[in-house]
Amino acid sequence: MDEFARREPTRRTVVAAIGLAPVASLAPSILAESKARAAHGAGYRFFDAHQAAVVKAAAARLVPGPHDDPVEALLGSPGATEADVVRYIDTMLSAFDFARPRIFAGGPWSNRHGGKHDYMKRFVKLAPRQRDAWHRRIKLLRRQYAAAVKSLDAAVSTKNFATASALEQDNALTKLDDVRDLIFGHTIEGMYSVPEYGGNRNLVGWHSISWPGDTQPRGYTPDEVERNDGADVVLVSGIVARVLDLLPDAAQRMAARGWPRG
């Protein structure tokens with residue numbers, strides 16, 4: 001989770017700290033609001049059903065999967081929907097709903113690669129200064145996401161961004177710089193962060209870039225370090241996209257020259 005909504009996503013360093021005031025006394029308004037939303041938000045803690053649908057649709061346009069873009073359909077690469085990015089964002093916005101705020105997943109490793117204990121399942125206690133700072137950030141992010149959904153709805157003809165055409169959705173995101181930057185940063189985090197934060201469902205983000213994730217305590221063998229992982233998925237995706245972009249122009253030029261010939 002990033003410190004400010006518009007910063008580039010970075011990998012998190014797990015910070016051990018002491019002290020935790022009762023969450024109910026820290027943020028009673030946030031807890032009450034989240035409980036009310038969860039009752040009608042299809043299982044989401046902060047988002048209601050409509051907000052979740054809009055954020056999910058926006059994330060899918062920013063990081064499309066095989067059902068969102070012909071290039072990704074050819075490559076079979078997962079996108080924001082497959083990684084359940086909207087769940088990541090909702091979990092972040094609801095971090096203080098939990099007995100231990102879900103800000104920093106514990107460590108030093110999970111049990112994904114032979115560890116006997118899943119240390120990352122238990123979140124780190126926050127020091128008072130961390131708790132206060134994150135409380136302010138999340139309150140701000142909640143306001144920003146509520147406003148972002150309204151802006152996206154207002155920018156499309158259906159007045160519901162989730163039901164608009166892909167073209168309208170892309171145009172809206174292109175024009176709404178602040179909204180795009182807000183959602184894109186968290187979409188990238190939800191794609192590639194550890195799944196304990198709610199995204200990267202079934203590790204699809206890591207699998208798509210051939211990254212095994214946290215490998216301790218097993219680590220890497222010398223052969224794994226030296227082995228070529230194959231073609232760069234991002235590079236290949238860019239090449240395919242460029243070829244598809246050029247196809248219409250190429251077809252027009254060929255037709256002007258009398259191609260195809262009978």
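**Close-up views of side-chain contacts**

**View 1. Arg45 and its partner Asp97.** Arg45 is partly exposed, with a relative accessible area of 35%. In this predicted model, Arg45 forms a salt bridge with Asp97, and the closest N and O atoms are 3.7 Å apart. The pair links distant parts of the chain, since Asp97 belongs to the loop between α5 (85-93) and α6 (128-154) and Arg45 to the loop between α2 (28-38) and α3 (49-62), 52 residues apart. Asp97 is buried, because its relative accessible area of 17% falls under the 20% cut-off.

**View 2. Arg112 and Asp214.** These two residues form a salt bridge whose closest N and O atoms are 2.9 Å apart. Distant parts of the chain are linked by the pair: Arg112 sits in the loop between α5 and α6, and Asp214 in the loop between α9 (204-208) and α10 (222-226), 102 residues apart. Asp214 is buried at a relative accessible area of 16%, whereas Arg112 is partly exposed at 24%.

**View 3. Further salt bridges.** Arg227 and Asp223 form a salt bridge with the closest N and O atoms 2.4 Å apart. Arg227 is partly exposed, with a relative accessibility of 47%, and Asp223 is partly exposed with a relative accessible area of 47%. Elsewhere, Asp84, Arg87 and Arg201 are linked in a network of salt bridges. The whole structure contains nine salt bridges.

**View 4. The ring pair Phe104 and Trp134.** The model has six aromatic pairs. In the pair of Phe104 and Trp134, the ring centres are 6.4 Å apart and the planes stand at 90°, so the pair is edge-to-face. Phe104 lies in the loop between α5 and α6 and Trp134 in helix α6, so the contact ties together parts that are 30 residues apart in sequence. Phe104 and Trp134 are both buried.

**View 5. The ring pair Phe123 and Tyr197.** Phe123 and Tyr197 form an edge-to-face aromatic pair, with 5.8 Å from centre to centre and 75° between the planes. This pair links distant parts of the chain: Phe123 is in the loop between α5 and α6, Tyr197 in the loop between α8 (177-192) and α9, 74 residues apart. Phe123 and Tyr197 are buried.

**View 6. A ring cluster and charges over rings.** Phe46, Phe47 and Tyr145 are joined into a cluster by ring pairs. The charged end of Arg102 sits over the ring of Phe98, at 3.9 Å from the ring centre. Arg137 lies over the face of Trp134, 5.0 Å from the ring centre.

Note on methods: Residues numbered from 1 in each chain as written. Predicted model: local features only at pLDDT ≥ 70, side-chain atom pairs only at ≥ 80, totals over all residues. Heavy atoms only, no water. Salt bridge = Lys/Arg side-chain N within 4 Å of Asp/Glu carboxyl O. Helix = DSSP H or I, 4+ residues; strand = E, 2+ residues; numbered from the N terminus. Buried < 20%, exposed > 50% of the residue type's maximum accessible area, 1.4 Å probe, protein only. Phe/Tyr/Trp six-rings, centres within 6.5 Å; stacked < 30°, edge-to-face > 60°. Lys NZ or Arg CZ within 6 Å of the ring centre and 35° of its normal.
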